[in-house]
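Please look over the sequence and the structure that follow, and keep both in view while reading the report below.

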Amino acid sequence: MTVGDTARAGDPESVLQAGSTLKARTVGSDAFNSLVSAVTSLTAQSGAALSVERITTMIQASSSPANLIQMADQTLGAELSAFGGKMWDIERRANTARSDFDAASRDAVSARMKLDDLDALNLDIECAPTRPALVFATRDADERLADVTHRLQALDDERLGADSSAASSISEQRQQYVSARTAMPTPPTVSAGVRVGPRMPDGTGTTSAVGLAQLVDPVLIAEAWQALTPEDRQLLIVDSPLLIGNLDGIALRDRNTANVITATEYRDELGDRIKMFDLLEKQYGDGLYGSKISNLRSEIKSLDAILEGKFAVYDESGKKSSQDGVVLVGFNPLRDSIVTFQGALDPVTGNIPSWMEQVGVVVPGTNSNLASFTGDLDRGKDLFALSGSKSGYFTWHGAPMPQFELPEHIAEAAEHGFADTAAPRLASFVNSLELPEDTDLVPIAHSYGAVVLGTAELLGLKADRIVYVAPAGLGHDVTGIADFPNTKDKPHFVLQARNDSVVGWNQGKSGGGLGHGPVNPLDTPGVTRLETGYLDAGDPDSGTIESKGGMETHSTPFDPNSTSLRNIVGAVKGGPVSLYHPNDFKVVQGGSWAVSVDIPGSGAAKPEESISSLDLSKVK
């Protein structure tokens, strides 16, 4: 290779064109804009079959790879354009130097030939007066040739340096493309359509996970499932864990096995999603995605508690033991569905054991979601701890619940669309449970959960007793307990703090598409109000449930040692519960104002008046 060839190698115009093409390319921003458009076109969360909030988060996280690609295109395009400009400049200077090199070479050859020809004549110095001039010309040509050679070598070195710098920059930008590729969400696992059998109830045919779902009726699904061998059940669980884990009629133990698979995979997805939001945060800064990242970390914390937390269980003899993880009866993140069970399962059937006397179903309300589910688990633990060894508790969050958050979620708690979506799912779940004949089932619904429960009762939910805690209402189509086909003759109870400022002002009010029906659960016929009492049952010095303040008292009826929680457990177990006593008051004239003053010794301070939660008769 001749000196200067490196400096003039390659095609600067092609490199410049490649840089311009990359800088003009919008594949990343096009994808990002499409994802933004998808987010903004989603329907409202209320009444949606899927969790719009969760889908929005997934789409937002997925925009991170698109942004990375766009940034990599822009940066690499700029690098290539700069490199192409350097190539062109070095080539231009090298072409000039190469012309000088060729001219110097010709002059050096010509001068050397003339000098050699003169010296060949072997003349005396007096006879060769031109020789000094020829020697000077030869020396000058050699010097110019050496100088231009040095210039070309320097340009070769400059080009090699530019090549090295460009290669390093391109390698760095390549890592951006790699980051974009690795940030892409993992494609969802697709069922392979595994079929097992022939072990259908009628002894013929084979079935798949989808085939089981197509039976629709939970009774038929249960029969088909029990007809399969344990090995075949495991094959279907592994093939389609999301479907099997959420299919009413499948044994609770097997639903848990399937849902643990789904929840574990989803936990890993959350970690990847956090990484994508971290990338977005680095791109845009200003804490724009901080709340999203915090929420996803809270979801991981909840999943860790569900999958790895310590939960007490009792066997038939009443022996207590600790269980790793709660029974995960339902888990579908796209439907924002999380259903757990705390209690023992029959070792043979995998369902509620024959010796269990009562089962509670806790339905949480506003602000309940996967990120805050550890609080719902704790309520289940507190109820379980007070209920004894013959009880078990489901925590049912089978659909999106309203969130109260300013400014975008300010009105969600007043919308009935969430209940319209959740209620059919709750009714289907409860009515499909395989319960022993003598096991009572008692739903306990808090806040907006009461709207879901009341609407589910309207749709035919079956239960032995019903408990509403600080209920927002009973549903926009409910006019009274008599509307409930299967629970109208069952005992209904309500507990609410006297100064609850969350729902205490709006019950029984609706209009303009907001509100939860005309029924005020606190005074509707057929619903018995129970006392919330003291923070420590029987201890007036502990303070009443109301003592924590109007906002706090919306949730304090679930305080672990309180009179109210004791009454909730009494309703679940069919034991005695204490009636509510309103505060007595007197009107006192204070100057030009008349004020109402509570009379000491009234309300929660009155002697308890207990009734049976089974038949509402007085209990001494």
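## The surroundings of Trp396

Leaving aside residues up to four places away in sequence, Trp396 touches Ile338, Val339, Val361, Val362, Val363, Pro364, Ala422, Arg425, Leu426, Phe429 and Val452, where a contact means heavy atoms within 4.5 Å. The model is a predicted one, in which local features need pLDDT of at least 70 and side-chain atom pairs count only at pLDDT 80 or more, while totals for chains, interfaces and linings use all residues. Residues are numbered from 1 along each chain as its sequence is written, and side-chain values use heavy atoms, with hydrogens and water left out.

## Two nonpolar cores

A nonpolar core is a set of buried Ala, Val, Leu, Ile, Met, Phe, Trp, Tyr and Cys residues joined through side-chain atoms within 4.5 Å; buried means under 20% relative accessible area, exposed over 50%, and partly exposed in between, with a 1.4 Å probe and protein chains only. The largest such core has 48 residues, of which Phe394, Trp396, Leu426, Val452, Leu461 and Tyr468 touch the most other members. Among the elements that each supply at least two residues of this core are strand S6 (391-397), helix H12 (417-432) and helix H13 (448-458), and the largest share, eight residues, comes from H12. Helices (H or I, at least four residues) and strands (E, at least two) are DSSP runs, numbered from the N terminus.

Apart from this core lies another, of 23 residues, which include Tyr266, Ile274, Phe311 and Phe331. In soluble globular proteins, nonpolar side chains tend to be buried together.

Strand S4 is mostly covered, since six of its six residues are buried. Ser337, Val339 and Phe341 point one way from S4, whereas Ile338, Thr340 and Gln342 point the other way, and all are buried.

Two strands pair if DSSP finds at least two bridges between them. S4 pairs with S3 in the antiparallel sense over five bridges, and Phe331 stands opposite Ile338 in S4. The hairpin of S3 and S4 has four residues between the strands, and in this hairpin Asp336 takes a positive phi near 50°. S4 also pairs with S6 in the antiparallel sense over five bridges, with Tyr393 in S6 as the bridge partner of Gln342.

## Gln176 in helix H4

Is Gln176 buried, exposed or partly exposed? Gln176 counts as partly exposed because its relative accessibility is 31%. This residue has its place in helix H4 (residues 131-183), and Gln176 touches Leu68 and Ala72, not counting residues up to four places away in sequence. The C-alpha atoms of Gln176 and Thr75 are separated by 9.8 Å, although these two residues lie 101 residues apart along the chain.
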